[in-house]
Amino acid sequence: MHYAVAMTAVSAIDRAFDLANSGRCRSVSEIIRHLRSDDRAAVEAHLAQPGARRELIQICSAAWLAAD
């Protein structure tokens, strides 16, 4: 069961990064709003790690600018 929880968290984080790379979201809060409610906790936990939020912001910003 531990493995399933870990895989769910990884896939939720992958979905957050996919949204960031898509250019559809301008901010981390927009990304989180686009996630399923059960994915939000895993992504929030990941973003608590040093540098994780900054990385997602940079990806999001670059993709947003490229989409214009």
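## Overview

Of the 68 residues of the chain, 31% count as buried (under 20% relative accessible area; exposed is over 50%, and partly exposed lies in between, with a 1.4 Å probe and protein chains only). This is a predicted model, in which local features need pLDDT of at least 70 and side-chain atom pairs count only at pLDDT 80 or more, while totals for chains, interfaces and linings use all residues. Residues are numbered from 1 along each chain as its sequence is written, and side-chain values use heavy atoms, with hydrogens and water left out.

The accessible surface of the chain is about 4,500 Å², and 58% of it belongs to carbon and sulfur atoms (Shrake-Rupley method, 1.4 Å probe; for residues, only the protein chains shown count as cover).

## Fold

The secondary structure consists of four helices and zero strands, in the order α-α-α-α along the sequence. Helices (H or I, at least four residues) and strands (E, at least two) are DSSP runs, numbered from the N terminus.

Among contacts with a separation of 6 or more, 59% join residues 24 or more positions apart. Contact means heavy atoms within 4.5 Å.

## Nonpolar core

The largest nonpolar core has 16 residues, and I31, V43, L47 and L56 touch the most other members. Such a core is a set of buried Ala, Val, Leu, Ile, Met, Phe, Trp, Tyr and Cys residues joined through side-chain atoms within 4.5 Å. Two or more residues come from each of α1 (2–22), α2 (28–34), α3 (37–47) and α4 (52–67). The most come from α1, which gives six residues.

Beyond its neighbours within four places in sequence, I31 is in contact with A16, L19, A20, C25, L56 and C60.

## Helix α4

At 1.5 Å a residue, the 16 residues of α4 should span 22 Å, and its end C-alpha atoms are 23 Å apart, which agrees. The expected span is 1.5 Å times one less than the number of residues in the helix.

The buried residues of α4 are A52, L56, C60 and A63. Seen down the axis of α4, they fall within an arc of 70 degrees, so they line one face of the helix; the arc is that of the directions from the helix axis to the C-beta atoms. R54, Q58, L65 and A66 are exposed on the face of α4 turned away from its buried side.

## D39

D39 is found in helix α3. With a relative accessible area of 0%, D39 is buried. Not counting residues up to four places away in sequence, D39 touches A12 and R15.
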